[in-house]
Amino acid sequence: MKGLLALILAMVMVMAIATTDAQSICNMPASGLMACKPAVTPPNPPPPTSTCCSALSHADMRCLCSYKNSKLLPSLGIDPNLAMKLPSLCKLPHPANC
């Protein structure tokens, strides 16, 4: 679950510095990060899309965990608590234990 928070931070970083799918963070392309953003943005986030879950399933969760304590996420409108729920919402078999 904490890996999801890291994913959100990574997503924010990618949105800030990446504009193409050629760039990625923690093995997650910018398009995957952007696909997850609605699912972690309050107040009424939709469920994660299959694109989001697919990207998350290929991500380096340990790498994403390294972003879990960032203060950047809330400043970009991302709810860390929602981010932590993504692995289970995507039904990933081995969510990161950050």
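**Disulfides, core and backbone**

Guide: This is a predicted model. The link of Cys36 and Cys52 is right-handed, with 105° about the S-S bond. Cys36 sits in helix H2 and Cys52 in helix H3, 16 residues apart, and the pair links distant parts of the chain.

Visitor: How far apart are the sulfurs of Cys36 and Cys52?
Guide: S to S is 2.0 Å in the disulfide that joins Cys36 to Cys52.

Visitor: Buried or exposed, Cys36 and Cys52?
Guide: Cys36 is buried, and Cys52 is too.

Visitor: How many disulfides in the whole structure?
Guide: A search of the whole structure turns up three.

Visitor: Okay, take Cys26 and Cys63. What's the S-S geometry?
Guide: That link is left-handed, with -60° about the S-S bond. The sulfur atoms of Cys26 and Cys63 are 1.9 Å apart.

Visitor: Which parts does the pair of Cys26 and Cys63 tie together, and why does it count as tying parts that are apart in sequence?
Guide: Cys26 lies in the loop between E1 and E2, while Cys63 is in helix H4, residues 61-65.

Visitor: Is Cys26 buried or exposed?
Guide: Cys26 is buried, because its relative accessible area is 9% and the cut-off for buried is under 20%.

Visitor: And what does Cys63 count as?
Guide: Partly exposed, at 24% relative accessibility.

Visitor: Now Cys53 and Cys90. Which hand is that link?
Guide: Left-handed, with -75° about the S-S bond. Cys53 is in helix H3 and Cys90 is in the segment after H6. They are 37 residues apart, and the pair links distant parts of the chain. The sulfur atoms of Cys53 and Cys90 are 2.0 Å apart.

Visitor: What about burial for Cys53?
Guide: Cys53 counts as buried at 14% relative accessibility. Cys90 is buried as well, with a relative accessible area of 12%.

Visitor: Let's zoom out. How many helices and strands are there?
Guide: Six helices and two strands. Along the sequence the pattern reads α-β-β-α-α-α-α-α.

Visitor: What share of the residues is buried?
Guide: 44% of the 98 residues count as buried.

Visitor: What share of contacts comes from residues 24 or more positions apart?
Guide: 75%, taken over the contacts with a separation of 6 or more.

Visitor: On to the inside. How many residues are in the largest nonpolar core?
Guide: The largest nonpolar core has 23 residues. Met28, Val40, Leu56, Leu64 and Leu86 have the most contacts inside it.

Visitor: Which elements give two or more residues to this core?
Guide: H2, H3, H4 and H6 do. H3 supplies the largest share of the core, four residues.

Visitor: Why would nonpolar side chains sit together like that, in general?
Guide: In soluble globular proteins, nonpolar side chains tend to be buried together.

Visitor: Switching to the backbone. Where is the cis peptide bond?
Guide: The cis bond joins Pro42 and Pro43, and omega is about 10°. Pro43 is in the loop between helix H2 (30-36) and helix H3 (50-58).

Visitor: What about phi of Asn27?
Guide: Phi is near 65° there, a positive value in a residue other than glycine. Asn27 is in the loop between strand E1 (24-25) and strand E2 (28-29).

Visitor: Is Asn27 buried or exposed?
Guide: Exposed, because its relative accessible area is 51% and the cut-off for exposed is over 50%.

Visitor: And phi of Lys91?
Guide: Phi of Lys91 is near 55°, which is also positive in a residue other than glycine. Lys91 is placed in the segment after helix H6 (80-89).

Visitor: What's the relative accessible area of Lys91?
Guide: 71%, so Lys91 is exposed.

Visitor: Last one. How far is the C-alpha of Lys91 from that of Ser57?
Guide: The two C-alpha atoms are separated by 9.4 Å. Along the chain, Lys91 and Ser57 are 34 residues apart.

Technical notes: Residues numbered from 1 in each chain as written. Predicted model: local features only at pLDDT ≥ 70, side-chain atom pairs only at ≥ 80, totals over all residues. Heavy atoms only, no water. Buried < 20%, exposed > 50% of the residue type's maximum accessible area, 1.4 Å probe, protein only. Contact = heavy atoms within 4.5 Å. Disulfide = S-S within 2.5 Å. Core = buried A, V, L, I, M, F, W, Y, C linked by side-chain atoms within 4.5 Å.
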